Amino acid sequence: VGFDIAWELDFWGKFRRAIEAADANVLASIAGYDNVLVLLVAQVADTYVAIRAAEAQLKVARDNVALQQRSVRITEARFRGGDVGELDVLQARTQLLGTQATIPPLQTALQQARLALGTLLGQPPGSLEELLGPQPGVIPAAPPAIEGGVPTDLLRRRPDVRQAELAAAAQSAVVGVAEADLYPSFGLSGFLGVVAVD
């Protein structure tokens with residue numbers, strides 16, 4: 001019965017540098033996770049603003065169609081009365097048809113943005129209809145001023161910059177491990193056991 005023990009002295013800092021590399025890799029993966037969260041929140045905000053902007057554009061287009069239909073009726077009545085020529089009637093109809101043609105692409109863009117928001121939030125299609133409401137919402141306004149601080153602090157807070165910095169630190173530590181492998185290693189080993197003969 002027995003067991004072996006082996007212990008390598010970290011004379012050149014090989015294991016210390018390997019631990020540094022592992023720690024930096026863990027922190028870099030956390031920064032990568034933070035970066036994905038920042039991108040997700042930005043995409044959700046962008047999609048929400050796109051939804052509200054498409055709703056506003058659609059409302060304006062529908063209001064314009066109603067006004068232009070009235071304008072066509074007035075122009076046709078004036079044409080029947082002899083006040084305007086047929087060209088005016090055709091121009092009013094053309095303008096109405098052009099405005100009506102802008103509505104389907106706006107509806108498609110609105111539907112795509114709603115589906116994209118549902119996907120970003122991990123919700124099934126159509127589940128956000130109640131949350132967004134049937135009426136067009138207000139387009140969110142950006143704050144008048146954003147406190148950025150010192151530019152270097154702003155860069156340090158960015159998760160993608162932190163991730164790159166930590167990845168570089170991990171690679172530097174890996175270089176230290178590889179450099180320590182060039183030198184001889186010192187270790188202690190031993191055997192402890194009992195031998196019995198019957």
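# Close-up views of a predicted helical model

**View 1. Helix α2 and what covers its buried residues.** Among the elements that cover the buried residues of helix α2 are α1 (14–81) and α3 (129–132), where helices (H or I, at least four residues) and strands (E, at least two) are DSSP runs numbered from the N terminus. The model is predicted, so local features need pLDDT of at least 70 and side-chain atom pairs count only at pLDDT 80 or more, whereas totals for chains, interfaces and linings use all residues. Residues are numbered from 1 along each chain as its sequence is written, and side-chain values use heavy atoms, with hydrogens and water left out. The buried residues of α2 are V89, A92, L96, T99, I103, L106, L110, A113, R114, L117 and G118; here buried means under 20% relative accessible area, exposed means over 50%, and partly exposed lies in between (1.4 Å probe, protein chains only).

View 2. Helix α1 has 68 residues and reaches 98 Å from its first C-alpha to its last, which is close to the 100 Å expected at 1.5 Å a residue; the expected span of a helix is 1.5 Å times one less than its number of residues. Helix α2, with 36 residues, reaches 54 Å between its first and last C-alpha, close to an expected 52 Å at 1.5 Å a residue. Just after α1, G82 takes a positive phi of about 85°, and just after α2, G122 takes a positive phi of about 75°.

**View 3. The largest nonpolar core.** This core has 16 residues, and those with the most contacts inside it are I51, L58, I103, L110, L117 and L132. The elements that give two or more residues to this core are α1 and α2. A nonpolar core is a set of buried Ala, Val, Leu, Ile, Met, Phe, Trp, Tyr and Cys residues joined through side-chain atoms within 4.5 Å. Leaving out residues up to four places away in sequence, L117 touches V44, T47, I51, L128 and L132, contact being defined as heavy atoms within 4.5 Å.

View 4. The model has 1 cavity of 30 Å³ or more, and about 60 Å³ of space lies in the largest cavity. On a 1 Å grid over the protein atoms alone, a cavity is a set of points where a 1.4 Å probe fits but cannot get out, and lining residues have an atom within 4 Å of a point. Grid points are joined across faces, edges and corners, and a volume is the space filled by probe spheres set on the points. The lining of the largest cavity is formed by Q111, R114, L115, G118, P124, P125, G126, S127, L128 and E129, and helix α2 (residues 86–121) gives the most to this lining, with 4 residues. The lining residues divide into 4 nonpolar, 4 polar and 2 charged, where Ala, Val, Leu, Ile, Met, Phe, Trp, Tyr, Cys and Pro count as nonpolar, Asp, Glu, Lys and Arg as charged, and the others, Gly among them, as polar.

**View 5. G118 and Q123.** G118 has its place in helix α2 and counts as buried because its relative accessibility is 4%. Apart from its neighbours within four places in sequence, G118 is in contact with Q123 and L128. G118 and T47 are 71 residues apart in sequence, and their C-alpha atoms are 9.9 Å apart in space. Q123 is found in the loop between α2 and α3 and, at 40% relative accessibility, counts as partly exposed. Residues up to four places away in sequence again being left out, Q123 touches G118 and L128.

**View 6. Three residues of helix α1.** T75 is found in helix α1 and is buried, because its relative accessible area is 13%; not counting residues up to four places away in sequence, T75 touches V84, D88, V89 and A92. Y48, also placed in helix α1, is partly exposed with a relative accessible area of 29%, and touches L132 and P140 when residues up to four places away in sequence are not counted. V41 is found in helix α1 and counts as exposed at 58% relative accessibility; its C-alpha atom is separated by 24 Å from that of Q57, 16 residues apart along the chain.

Key. On a 1 Å grid over the protein atoms alone, a cavity is a set of points where a 1.4 Å probe fits but cannot get out, and a pocket is an open set with protein on both sides within 12 Å along at least five of seven lines; lining residues have an atom within 4 Å of a point.
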